[in-house]
Amino acid sequence: MNFYSIIYYFIFRNRTTTNADLTHFYSSIDKFERRISKQALNKAIKKLNPNVFTYLINQFASIYYASSLPKKYRDHLLIAEDGTYMEIPYNVYNINDFQFCMNQHVHDIFDVKKVQSKAGGLYDVTNGLFINFSLKPAPYSETPLAFAHLYRTKKILENQKIIYLADRYYGSAEIISHLEFLKYNYVIRGKSNFYKKQVALIQSDNE
């Protein structure tokens, strides 16, 4: 499987089993007789630089948002930032690369039962696609991921009207200040007790 075939395989796979995906891929390009094994696929994937997918996402976004194709909400793009943990194949190399979070059950590398990565993405809600995405070690904070995504997509979205959506973990002064600098509108959910102090002061003043 050459470089371009691997890229096409990842883009168009059905995300079922590897064998089923291989069968579907080679049937789709009418070359089923050249179907490779699961082991051969894994060998080919190890030669691929994963940064190629970051490059492809950025290139696609640049072309897409320069066209008339994107749908909008009241003349604005709705983009949302969020993060999560993704499970990574369990082995000592991935434990070292992606690290692990200490807690009451995990005190050192020998307590690790599964390997996780901190994932974060900037997602176009209206058009249903990621504009930028990152995988970092498990202890990585979501805030610097959000900054990185805003920085990397600044040029792509510079001529667009934006409404930025985020959960309570992104309500930092630094991110809000940066959104103001970019002239983005934003809706960031506050914590449940976010206005508790302010409400108490208002009640006190009224009294």
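Two strands count as paired if DSSP finds at least two bridges between them. Keep that in mind for this predicted model. In strand S2, Val115 is the bridge partner of Ile88. S1 and S2 (residues 115–124) run antiparallel and pair over ten bridges.

These two strands belong to an open sheet of five strands. Its order is S3-S2-S1-S4-S5, and the pairing is mixed. S3 and S5 (185–188) stand at the edges. Each has a single partner strand, so one side of each is left without a neighbour in the sheet. On average, neighbouring strands are turned by 20° against each other, direction ignored.

Helices pack on this sheet. H4 touches S1, S2 and S3. The direction of H4 makes about 160° with that of S3. H7 touches S4 and S5. Its direction makes about 155° with that of S5.

Now turn to the nonpolar side chains. The largest nonpolar core has 20 residues. Tyr65, Ile79, Ile131, Leu157, Tyr164 and Tyr184 touch the most other members. Which helices and strands each supply at least two residues of this core? They are helices H4 (51–65), H6 (142–153) and H7 (173–182), along with strands S1 (77–88), S3 (129–137) and S4 (162–166).

Look at Tyr164 in detail. Leaving aside neighbours within four places in sequence, Tyr164 is in contact with Ile79, Glu81, Leu122, Ala146, Leu150 and Leu179, and also with Asn185, Tyr186 and Val187. Another core, of twelve residues, lies apart from the largest one. Tyr9, Leu22, Phe25 and Leu48 are among its members.

Conventions
Residues are numbered from 1 along each chain as its sequence is written. This is a predicted model: local features need pLDDT of at least 70, side-chain atom pairs count only at pLDDT 80 or more; totals for chains, interfaces and linings use all residues. Side-chain values use heavy atoms; hydrogens and water are left out. A nonpolar core is a set of buried Ala, Val, Leu, Ile, Met, Phe, Trp, Tyr and Cys residues joined through side-chain atoms within 4.5 Å. Buried means under 20% relative accessible area, exposed over 50%, partly exposed in between (1.4 Å probe, protein chains only). Helices (H or I, at least four residues) and strands (E, at least two) are DSSP runs, numbered from the N terminus. Contact means heavy atoms within 4.5 Å. Axes are lines fitted to C-alpha atoms, for helices over the stretch in contact, and angles run from 0 to 180 degrees between N-to-C directions.
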